[in-house]
Amino acid sequence: MCGIFGYIGTQQALPLLVEGLRRLEYRGYDSTGVAIHGENDVAVHKTVGKVADLQAILPGQVEGTMGIAHTRWATHGGVTQVNTHPHHAHDGNIHLVHNGIIENFRSLRQHLEQQNIECISETDSEVLVQMMALERAQGATPLEAVQRTLKRVRGTWGLCIMFRDENMLICARNGSPLIIGQGEGEMFVSSDPHPLTSHTQRVVYLDDGDVAVVSRSSITMHSGQGRPSQPNVTVLEEEWGESELGDAPHFMLKEIYEQPDALRQCIAGRIDREMGSGRLGGMRLRHDTLVQTPHVRLLGCGTAYYAAEIGQMLIEKMARIPAVTHISSEFRNNDPVINPKALYLAVSQSGETADTIAAVKEIKLKGGQIFGVVNVVGSTIARLCGQGVYIHSGPEQSVASTKAFTNMVAALAVFATQLGRTRHLSKEQGRELIDQLQQAPHLMETYFEDTGPLSEAVDLLAEAKSVLYLGRGLSASVAKEGALKLMELAYIPCLAYPAGEMKHGPIALLEEGSPVVVVAPNDHLKEKTLSALHECKARGAKIILIHEKGDSIASEGDVSIAVPSIHPWLTPLLTVVPLQLLAYETALRLGRDVDRPRNLAKSVTVE
Ligand code: M6R
C-alpha cells in the first residue's frame, strides 16, 4: 500500500527520493510524487502511474537537499494527479505525505471551509496539511501545529511533513509504520526498512503517538506530555538475501526459487536433533507454559492464514492439544474470549497487516499471551508482540507471497515439534520430523530440476472460466493457497474446497473440460481424495494432479505433476511449489503484471 520516503542532508535529495520510491514499488500503488525543498521554493512533481512515469516528467535538475516522496494506493478519492501526495497547504508553506486513514476528515474539512479554506483534492490526507497551516497562521510553531492538529484527528497515520521556512522534517506515527534512518550528517525517513538498508543500519522505529523533529544531525522525540527526549537508536538487522531483481524476470519467480535457501535460514539453529525437539529462543517459552497451555489460537490473513491453518493441524497432530485458526479481521470484531493461559500466534509476512495488528492489540488488552510469527524484522507486529519467531525468508517483494508461506509452515512445524515434545510426541517421532524438515530444502531443489508438465497445465488453466482446487487435511489448506495465488495473479475465479465437501455444492460448477487441481500427496487421506477426483472426472473435468513421485496415482491426472516424497506432515512444503509456479506461468501467459497484480498491495495497512 502507500509508501513514504524522506531525506534531509547534504546530498541532492531528488535521486535519493526516486531510488527510495523505486524500492517501495513492490508494496503496490497507483500514483507517486515528490516535493523538493530548494533554496527559495518547493518543487512538486506528481503523476498517476509508476515511478518510471514520474521519472519521465521530472525536469533534468531539481536542486535541493531536503524532500519528501510518496507512493499512493487510493482509498479516499480516485486515482488522479491532484489526489496524489505530497499535498500542500493553501499558502504553499507546508507539504506532507501521509499513510493511513483519517476517519473524521469530513468534519475537519467542514471546519476548514468555515475558515474559507478549500481542499483541492478528494483525499482525507489533505485536511491534515490545511489544518497545520491554519495553526501556523494562528502563531503555532511547526511542532505545535503538528501536535495540535493530530490532537483533533481520529484515525491512523504515518506522516512526514516539510515546512518551507524550516530546515527540518517532522515525522509522526499512529498505527502506520515509520522509521528514521540515521546517517552521517543526513537522515532518511521511510515507511519500510528496505529503502533504508543501502544508506544506513542505524534506525529509530517510531511508536504510536510519537512525533519526531528531524534535522540533518539530530532526532528529537516529542511523545505524549513528557519532555523532549533522545530517540532509541537500534541496528537494522541485516536480512539475508537480496531485494534486487538481478537476472530474474520477476520477483515472484526469484522468490519461488529462493525457497530452499529461505527454508535453511528459517530452521538453522532452531532444532535440537538430540532431543528431537524445536528450539525457538525468541518465543521465550517456559516449560510450564508449554505444559499447561489449554489451547493454541493462530491468526492471519490471506496466505498467512492458510499457513496458520497448516500450523494448527500440525500442533494438534504433534501436541494433541486443541488449536484453532482465525481470520484476523473476523476474530477481533467478534469480541473474542481470551484465555490468559492459552498461546496466541499472530502470523504475518509484513508484520504490518492492519487487521492482524488490531487482533494482536485486542488479545494483549484482554491479557492473552501473544507471539509473532513474522518475516519483517522490527515490524509493528513483531514489536507489539515482543516475543515470537522471525521466519527469515529475506525480503519478499512480489505481492504474491511464496517463500514466506513455506517458511511460516516450517516455523510453525518447529513450534509444533517443541510443543509436542512436552506432551505426546516421542523423541523418535521428533527426530524423524526434524530429519525430514532438514531434508526439505534439498527436496525442493530436486523438484526444481524437473518441474513437470507445467505448460500443459497452463493450457487448461489459461482458458478456464473458473478453477476448482481440492485437497484434504493439510492439502486442503495447500489447495486454498494455490487457488489464492492463481486468482490474485491471473484474475481467474478460483474456488478451493476440502475434497470431501465438493459433492455438497461446488460439483454443480463442473462441465466438460473444467479444470480441477487436486493435491493428493501420499498420506492417509489420499484414497479419499481420489474418490473426489473420480467424481470430477465422471463429469468431464480435466484433472491437474499434484502427487508424490513414483506414486501410481499419476495416471489419474490429465496432467500430473510429481513432487519428491517427504514425511506426510510436511507435504505442504513441497506440494505448494508447483501451485505457485502454475499461478506464475498462467499469469504470464495471460499477460498479467505478475509482481504487481491489479488492486492488490503487498502490505495491507488499512482495515
Ligand atoms: O503481510 P501478511 O502476511 O500479514 O499479509 C497477509 C495477506 O495480505 C497476504 O498474504 C496476501 O493474501 C498475499 N497477497 C497473498 O499472496
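The model is predicted, so local features need pLDDT of at least 70 and side-chain atom pairs count only at pLDDT 80 or more, while totals for chains, interfaces and linings use all residues. Residues are numbered from 1 along each chain as its sequence is written, and side-chain values use heavy atoms, with hydrogens and water left out.

Six strands form an open sheet, ordered β5-β6-β7-β8-β12-β13. Its pairing is antiparallel. Helices (H or I, at least four residues) and strands (E, at least two) are DSSP runs, numbered from the N terminus. Two strands pair if DSSP finds at least two bridges between them. The edges are β5 (87-88) and β13 (219-221), each of which pairs on one side only. Within the sheet, strands β7 (residues 157-163) and β8 (residues 169-174) run antiparallel and are joined by six bridges. Ile161 has Ile170 of β8 as its bridge partner.

Two helices lie on this sheet. Helix α5 (residues 142-151) packs on it and touches β7, β8 and β12 (211-214). The direction of α5 makes about 150° with that of β7. Axes are lines fitted to C-alpha atoms, for helices over the stretch in contact, and angles run from 0 to 180 degrees between N-to-C directions. Helix α4 (residues 126-137) lies across β5, β6 (94-99) and β7. It runs at about 145° to β6.

The helices α4 and α5 also pack against each other. Their angle is about 125° and their axes are 8 Å apart. The pair is therefore oblique. Angles under 35 degrees count as roughly parallel, over 145 as roughly antiparallel, 65 to 115 as roughly perpendicular and the rest as oblique. The crossing of α4 past α5 is right-handed. A crossing is right-handed if the near helix is turned clockwise from the far one by less than a right angle, and left-handed if anticlockwise. From α4, the contact (heavy atoms within 4.5 Å) takes in Leu128, Met131, Met132, Glu135 and Arg136. From α5, Pro142, Ala145, Val146, Arg148 and Thr149 take part. By class, the α4 and α5 contact has six nonpolar, one polar and three charged residues. Ala, Val, Leu, Ile, Met, Phe, Trp, Tyr, Cys and Pro count as nonpolar, Asp, Glu, Lys and Arg as charged, and the others, Gly among them, as polar.

Leu112 lies in helix α3 (residues 105-114). Its relative accessibility is 0%, so Leu112 counts as buried. Buried means under 20% relative accessible area, exposed over 50%, and partly exposed in between (1.4 Å probe, protein chains only). Not counting residues up to four places away in sequence, Leu112 touches Ile117, Cys119, Val127, Gln130, Met131 and Leu134. Gln349 is 237 residues from Leu112 along the chain, and 40 Å separates their C-alpha atoms.

The crossing of α16 past α18 is right-handed. Among the contact residues of α16 are Leu474, Val478, Leu486 and Leu489. Those of α18 include Pro572, Val576, Leu579 and Leu582. The contact of α16 with α18 has twelve nonpolar, three polar and two charged residues.

Strand β24 (515-519) is mostly covered, with five of its five residues buried. In a regular strand the side chains alternate between the two faces of the sheet. On one side of β24, Pro515, Val517 and Val519 are buried. On the other, Val516 and Val518 are buried. Strand β22 (residues 467-471) runs parallel to β24, and three bridges join them. Leu470 stands opposite Val518. Strand β25 (residues 542-548) also pairs with β24 in the parallel sense, over five bridges. Here Val516 stands opposite Ile543.

Glu511 lies in the loop between β23 (494-498) and β24. Its relative accessibility is 41%, so Glu511 counts as partly exposed. Beyond its neighbours within four places in sequence, Glu511 is in contact with Lys465, Arg539, Gly540 and Ala541. Glu511 and Lys364 are 147 residues apart in sequence, and 49 Å apart in space, C-alpha to C-alpha.

Thr356 is found in helix α11 (residues 354-365). At 0% relative accessibility, Thr356 counts as buried. Leaving aside neighbours within four places in sequence, Thr356 is in contact with Gly300, Cys301, Ser328, Ala346, Val347 and Ile381.
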